[in-house]
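Please read the points below with the model in view.

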Amino acid sequence: MGPINNHPPDETTRKESIMHDSILLEGINEVIGTTHMNAAPMGVILRGGRYTLALFKGSHTAENIIRDGWFVANLIHDPVIYVESAFGDLPDDAFTTETIDGTPMHRLATAEAWVAFRAEVIGESGEAYSILLTPLQEEVIVRSIRPVNRGFNAIIEAAVHTTRYIMNHDPKLEWLIRHHLALARKCGGEREKEAAGMIEELLK
Ligand SMILES: Cc1cc2nc3c(=O)[nH]c(=O)nc-3n(C[C@H](O)[C@H](O)[C@H](O)COP(=O)(O)O)c2cc1C
């Protein structure tokens, strides 16, 4: 091992660490988005320091964001919560309230970390809104080490494809979903297996 460098970081390193000092990372962060007593998986896009959401019209999340102007990104690693919140409703006691700048906002009670955002529409197409997210407050509640698990990732893939499959019953999507369910069962733990069973029910 080389000598330990106790010098304070120079200005370049310091700026870099500030830029990266956030819970969410560059790219698309597949979080559980909470709005007024509602939860659904959502992809928060972080590019060049700017947070946005591509938000399809017709969901409760879209309705609530347009009405209330806030959104909370919840980080959690339970695949069952992803499936339950994508295809059904979580019970009321799944939520807790944070008051941010005088506004009560709901987040998941079991979130490992969360970021609360102001949310405003900056674009609109026939089927989706483009939402600009401005971070207001964030908290890390549980600092956990998560080994990469293909089973968990496979549930996320299967869930994304299933949101489309239930609308169009495309056999190519069904093939993809079953491929990911097999992976989830092979590589995942008990919660991945439970989530896989829930998705399989939706294919019937
Ligand atoms: C991993 C994952 C990511 C998703 N990302 C988005 C997204 O970025 N934008 C969106 O509009 N829907 C997204 N969805 C679909 C919504 O979660 C889905 O339409 C959900 O039923 C909406 O629930 P709600 O009516 O309670 O808001 C995603 C689904 C999954 C499984």
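1. Two strands are said to pair if DSSP finds at least two bridges between them. The model under discussion is predicted, and the pairings described here are to be read with that in mind.

2. By this criterion, strand 1 (residues 27–35) and strand 4 (residues 70–75) pair in the antiparallel sense, over three bridges. Within this pairing, Gly33 has Ala73 of strand 4 as its bridge partner.

3. Strand 1 also pairs with strand 2, again in the antiparallel sense, over nine bridges. Ile32 stands opposite Pro41 of strand 2. The two strands form a hairpin with two residues between them, and Met37 in the turn has a positive phi of about 45°.

4. Which residues lie closest to the ligand? They are Ala40, Pro41, Gly43, Ser59 and Thr61, from a total of 19 residues that surround the ligand. Two or more residues of this shell come from each of strand 2 (38–47), strand 3 (50–56), helix 2 (60–68), helix 3 (79–87) and helix 4 (150–168). The largest share, five residues, is given by strand 2.

Notes
Residues are numbered from 1 along each chain as its sequence is written. This is a predicted model: local features need pLDDT of at least 70, side-chain atom pairs count only at pLDDT 80 or more; totals for chains, interfaces and linings use all residues. A residue is near a molecule or strand if its C-beta atom, placed from the backbone, lies within 6 Å of it. Helices (H or I, at least four residues) and strands (E, at least two) are DSSP runs, numbered from the N terminus.
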